[in-house]
Amino acid sequence: MKNSCARKACFSVTVAARRDPDLSIGKNKKESFAYGGVAWTKGSGIKNKAC
């Protein structure tokens with residue numbers, strides 16, 4: 001995930017059969033995210049949220 005904005009970005013990822021995790025990334029950063037353990041590394045959608 002890459003955040004090219006000048007402010008922190010918050011978002012959630014849709015994960016099948018699990019509660020959607022809430023994540024954030026700092027301004028002008030590139031970061032990898034893992035959630036739900038090794039078996040649940042893929043999400044089907046990203047939703048922007050207020051921080």
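Me: Start me off with β2 and β5: how many bridges join them, and which way do they run?
Reply: There are 5 bridges between β2 and β5, and the two run antiparallel. Strands count as paired if DSSP finds at least two bridges between them.

Me: Is this an experimental or a predicted model, and how are residues numbered?
Reply: This is a predicted model, where local features need pLDDT of at least 70, side-chain atom pairs count only at pLDDT 80 or more, and totals for chains, interfaces and linings use all residues. Residues are numbered from 1 along each chain as its sequence is written, and side-chain values use heavy atoms, with hydrogens and water left out.

Me: Is β2 mostly covered or uncovered?
Reply: Mostly covered, with 5 of its 6 residues buried. Buried means under 20% relative accessible area, exposed means over 50%, and partly exposed is in between (1.4 Å probe, protein chains only). Across the protein chain, buried residues make up 22% of the 51 residues.

Me: You mentioned cysteine 10. Which cysteine does a disulfide join it to?
Reply: Cysteine 51, with S to S at 2.0 Å. The rule asks for a pair of cysteine sulfur atoms within 2.5 Å, and the count comes to 1 disulfide. Cysteine 10 lies in strand β2 (residues 9-14) and cysteine 51 in the segment after β5 (45-49), so the pair ties together parts 41 residues apart in sequence.

Me: What's its handedness, and why?
Reply: The torsion about the S-S bond of cysteine 10 and cysteine 51 is about 115°, so the disulfide is right-handed.

Me: Are those two cysteines buried or exposed?
Reply: Cysteine 10 is buried at 11% relative accessibility, whereas cysteine 51 is exposed at 62%.

Me: And cysteine 5?
Reply: Cysteine 5 is partly exposed, at 41% relative accessible area.

Notes. Helix = DSSP H or I, 4+ residues; strand = E, 2+ residues; numbered from the N terminus.
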